[in-house]
Amino acid sequence: MTAMTPIRPQPRPEILAIDAYVPGKSRVAGVAKIRKLSSNESPLGASPKAIEAFRASAGDLALYPDGSAAALREAIGRRYGLEPSRIICGNGSDELLALLAHAFLRPGDEGLHSEYGFLEYPICIRAAGGVPVVAKESDKTASVDALLAKANARTKIVYLANPNNPTGTYIPYSEVKRLQAGLPADCLLVIDAAYAEYVTCNDYSAGVELAAICENVVMTRTFSKIHGLANLRIGWAYGPPLVLDALNRIRGPFNLNGPAIAAGVASLADTGHIEAAIEHNLRWLPWLAESISALGIEITPSVGNFLLLSFENGAGRTAANADAFLSRRGFILRAMGAYGLPDSLRLTVGDEEANHGIVAALAEFMRSDRG
Ligand SMILES: Cc1ncc(COP(=O)(O)O)c(C=O)c1O
């Protein structure tokens, strides 16, 4: 008797080629006090005004939210001087990054990203039936030359995280403009500026101006980082009408929930909280970078709210051993194997206690005989 193959639903083969995104850990078995420094969350938490607005919306849980998130789009428009009709909100910027691939890639089209670009990009490209193409980086920084060398008539979307996660590096606005100018006109450039608020370099721009004037540029932003609202899943994009129109056709009709809309509006109004988060990062990012490199651990210069630490393999002081050593002491960092950086760990800037604690723990690790 021949074995019968059961007939059942089959996902598209390209879906099964996707390695699911693995979020940062938040627990270690047997360790009571955890400092989660693995997901680039804000150590200052959400604005008290956002929390109040969230609570105040509890009475409306039975009602559908405003599907167009008009109040939030208007608040974003006021804050950044943008036309609200050219803003779309998403359930995290993740949702928008995925919708962009679904809207602009045909099966077999190429989607381009840089070597250590955010891991969601190849997932979004594959899920939409596209083929991810990777451009080499120089010094863990996106290379416009390498990206342009890989762009061709089949390239229909380019994702650029600026600053990039997990490296923390950025490219100046002049380079972003050079990238746009060199891409085919029918190729969409997605500038993912999730960490824009942390950047204080004069030659940086999140890409608002380019998205305002170019038909093939869209900028995405998030409330998950500087606003400390990762749990509510709020992202937004600003771009040309043709992009907005396409995304509005395929997004979930109520993709943002009411409490998220209310908290987002309140958070934008609390400029003091955002300033405090920027100040905190400006104080602790360089402190961590200096203290950790003084221990002999290589640091990639970062403009985000996180640092990439690279370990040499000598004397058992590998990234994997460091990860295990730190976890036992309650410090959770992000392992970087999935990014092709097995010798690295990513550390989020924490609160004062966590920052002192992680430096002390790393010093202990570097002094130890073996991890
Ligand atoms: C570069 C980058 N883009 C987008 C996101 C997604 O953010 P969210 O979906 O929380 O808005 C992240 C989150 O870590 C990120 O690092």
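Biologist: Which residue lies over the face of Tyr80, and at what distance from the ring centre?

Modeller: That is Arg79, at 4.5 Å from the ring centre of Tyr80. Please keep in mind that this is a predicted model. A second case involves Phe306: Arg346 lies over its face, 5.8 Å from the ring centre.

Biologist: Thanks! Now, how is a pair of aromatic rings described?

Modeller: By two values, the distance of the centres and the angle of the planes. In this structure there are ten aromatic pairs. One of them joins Phe118 and Tyr121, with 5.6 Å from centre to centre and 85 degrees between the planes, which makes the pair edge-to-face.

Biologist: Are Phe118 and Tyr121 buried or exposed?

Modeller: Residues under 20% relative accessible area are called buried. Phe118 has 12% relative accessibility, so Phe118 counts as buried. Tyr121 is at 0%, so Tyr121 counts as buried too.

Biologist: Why is the pair of Tyr170 and Tyr204 edge-to-face?

Modeller: Look at the angle: planes over 60 degrees apart count as edge-to-face. The planes of Tyr170 and Tyr204 stand at 75 degrees, with the ring centres 6.0 Å apart, so this pair is edge-to-face.

Biologist: Where do Tyr170 and Tyr204 lie in the chain?

Modeller: Tyr170 is in the loop between β7 (155-161) and α7 (173-182), while Tyr204 is in the loop between β8 (188-192) and α8 (208-213), so their pair ties together parts 34 residues apart in sequence. Tyr204 counts as buried, because its relative accessibility is 11%.

Biologist: Which residues form one aromatic cluster?

Modeller: Phe118 and Tyr121 come back here: along with Tyr21 and Tyr159, they form one aromatic cluster.

Technical notes
Residues numbered from 1 in each chain as written. Predicted model: local features only at pLDDT ≥ 70, side-chain atom pairs only at ≥ 80, totals over all residues. Heavy atoms only, no water. Phe/Tyr/Trp six-rings, centres within 6.5 Å; stacked < 30°, edge-to-face > 60°. Buried < 20%, exposed > 50% of the residue type's maximum accessible area, 1.4 Å probe, protein only. Helix = DSSP H or I, 4+ residues; strand = E, 2+ residues; numbered from the N terminus. Lys NZ or Arg CZ within 6 Å of the ring centre and 35° of its normal.
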